[in-house]
Amino acid sequence: MKTLITFILFINYVLAFCQKNIDKEIAEAEKFANKIIENNPDKILHFYKLNNGTLKKINPDSDYEDDDSEIIMSYRIIKKNNKIIYISKSDSFWGMGDWNSSQDFYFDEKGVLLGAVKKEDWFLENKCAMQIRYRGIYKNYGNPKLHRVDKFYNENDKEINLDSANCKKSKKEALENAERTDKITFRNLEGFMKAEKIKYYK
């Protein structure tokens, strides 16, 4: 019995240590990516994906070579030590419309997925909020399913309680929208490329 208790305590210690380590790595990757986005945007690699799965690099100094209707996804990629550590994908290529959807992915320099942030913004226009900004925060603790924490904010970036009197009627819609793109099944950079059906990238 004493041996079993010792083993359980050891496993709990290992899990807690792993979670703390992953949290630290995500924070460092996020800090690095944010610094590039804010201070060195010229270092961000911009790509778009066509219907056939081809990934093309965007040259900001020239016009797009492809028909707009062929573009189905856009990506921003940031590298550290020549390794991809951040990818942001969005189907709102032109930044227009009532609905904005994007996902940010953080990898270590070995290509292992550390975590992700799913972003869904949509107009609600009732007592709950004029606009809901959903953030699904994922962390890869090595379990079969990523650990996820859901956050809902209004247009003023104030967190929303979906169980409050003003938001109860909107809760079902909000939760359905939160689950709408919950398909992060890969655990590394190669898996991301396969999941995105990207044929190649340069």
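Biologist: What pattern does the protein chain follow, read along the sequence?

Modeller: Quick caveat: this is a predicted model, where local features need pLDDT of at least 70, side-chain atom pairs count only at pLDDT 80 or more, and totals for chains, interfaces and linings use all residues. Residues are numbered from 1 along each chain as its sequence is written, and side-chain values use heavy atoms, with hydrogens and water left out. Helices (DSSP H or I, at least four residues) and strands (E, at least two) are runs numbered from the N terminus. The protein chain has three helices and eight strands, and they come in the order α-β-β-β-β-β-β-β-β-α-α.

Biologist: What share of the 202 residues counts as buried?

Modeller: Buried means under 20% relative accessible area with a 1.4 Å probe, protein chains only. Across the 202 residues of the protein chain, that share is 38%.

Biologist: Which cysteines does a disulfide join?

Modeller: Take a disulfide as a pair of cysteine sulfur atoms within 2.5 Å; the count is then one. The S to S distance is 2.1 Å, and the pair is cysteine 128 and cysteine 167.

Biologist: Where in the chain do cysteine 128 and cysteine 167 sit?

Modeller: They're 39 residues apart, so to speak in distant parts of the chain. Cysteine 128 is in the loop between β6 (113-123) and β7 (131-139), and cysteine 167 is in the loop between β8 (147-153) and α2 (168-179).

Biologist: Is the disulfide right-handed or left-handed, and why?

Modeller: Look at the torsion about the S-S bond of cysteine 128 and cysteine 167. That torsion is about 95°, so the disulfide is right-handed.

Note on methods
Buried < 20%, exposed > 50% of the residue type's maximum accessible area, 1.4 Å probe, protein only.
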